Amino acid sequence: MRFSGLKVLTQGLTGNRGWRPHWRDPAPKPEYDIVIIGGGGHGLATAFYLAKEHGLTNVAVLEKGYLGGGNVGRNTTIVRANYGLPGNSEFYSHSLKLWEGMEQELNFNTMMSQRGVLNLCHSDGQRDAFARRGNAMRNQGDDAELLTPDQVREKVPYLDFDNGRFPIYGGLWHSRGGTARHDAVAWGYARGADQRGVDLIQNCEVTGIDTEAGHVTGVQTTRGAIRAKKVGIVVAGRSGQVAGLAGMRLPIESHVLQA
């Protein structure tokens, strides 16, 4: 099922009775080439690109709840490549390029809006730091513009420029940044992976990871045992706990997400 303006109009005029489910609800097979634990944005994107770019379709994504119901559904909506740390900045620069073509690639509306991202600076030191960050962004091929207070006022006239506690010394403007709906991103990747033959298995919690002679051979789940040649752990803050099922102790500590 592909979306188009004509299809949306036709369905709207006929009571929306012709829509079909976006993905199948398969029973787990006894064995897969690859099992991905975690049906959030990263797990679903991993499955999608394994199928699209590498032709690997004997893949299952196992999710203990429902697809996109974890961090991806609660995450910030900001899309940007305005980081200054080596390694991190290159990652987000490539990520922004993927965002810009995502809706066309997935044929799904993720509500991507490149309305721009503006970071305000409230001190001379912060303005200098933003200048360095902006130069780093431009060096890696992304856009950045250091704004004066008057330029900030022109873009966002309703800001409180008379606030004595947080005076506005300028800002760093990133025009290609913007917002998107992250749970829609998960749904779009789920549709794309399913259309390429990936099994998306919801309400299937992994309770154990099987190993033989130091190699992972499959997983135990609430819906039975599943053998696999490769197992990927893509469970965000649960990474340490799930890796522990295979006897691995990761050098990270999970904390409750707070914003």
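**View 1. Ser239 in helix α8 of the predicted model****.** At 14% relative accessibility, Ser239 counts as buried, because buried means under 20% relative accessible area. Ser239 belongs to helix α8, which covers residues 239-244. Leaving aside neighbours within four places in sequence, Ser239 is in contact with Ile233, Leu250 and Ile252.

**View 2. A nonpolar surface patch that includes Leu6****.** Leu6 is placed in helix α1, residues 5-13. The relative accessibility of Leu6 is 63%. Leu6 therefore counts as exposed, the cut-off for that class being over 50%.

**View 3. The aromatic pair of Phe3 and Trp19****.** Seven aromatic pairs are present in the structure. In the pair of Phe3 and Trp19, the ring centres are 5.5 Å apart and the planes stand at 45°, so the pair is tilted. Phe3 has 25% relative accessibility and counts as partly exposed. Trp19 is also partly exposed, with a relative accessible area of 30%. Phe3 and Trp19 form one aromatic cluster with Phe108.

**View 4. The aromatic pair of Phe48 and Tyr189****.** The rings of Phe48 and Tyr189 form a tilted pair, 5.4 Å centre to centre and with 55° between the planes. The angle falls in the tilted class because planes under 30 degrees apart count as stacked and those over 60 as edge-to-face. Phe48 is in helix α2 (residues 41-54), whereas Tyr189 is in helix α7 (residues 182-195). The two residues are 141 residues apart, and their pair links distant parts of the chain. Both Phe48 and Tyr189 are buried.

**View 5. Arg153 and the ring of Phe161****.** Arg153 lies over the face of Phe161. The distance from Arg153 to the ring centre of Phe161 is 4.1 Å.

**View 6. Lys155 and the ring of Trp173****.** The ring of Trp173 has the charged end of Lys155 sitting over it. The charged end of Lys155 is 4.3 Å from the centre of the Trp173 ring.

Methods:
Residues numbered from 1 in each chain as written. Predicted model: local features only at pLDDT ≥ 70, side-chain atom pairs only at ≥ 80, totals over all residues. Heavy atoms only, no water. Patch = residues over 30% accessible without salt bridge, like charges linked within 9 Å, V, L, I, M, F, W, Y side chains within 5 Å. Areas by Shrake-Rupley, 256 points an atom, 1.4 Å probe, with all protein chains shown as cover. Salt bridge = Lys/Arg side-chain N within 4 Å of Asp/Glu carboxyl O. Helix = DSSP H or I, 4+ residues; strand = E, 2+ residues; numbered from the N terminus. Buried < 20%, exposed > 50% of the residue type's maximum accessible area, 1.4 Å probe, protein only. Contact = heavy atoms within 4.5 Å. Phe/Tyr/Trp six-rings, centres within 6.5 Å; stacked < 30°, edge-to-face > 60°. Lys NZ or Arg CZ within 6 Å of the ring centre and 35° of its normal.
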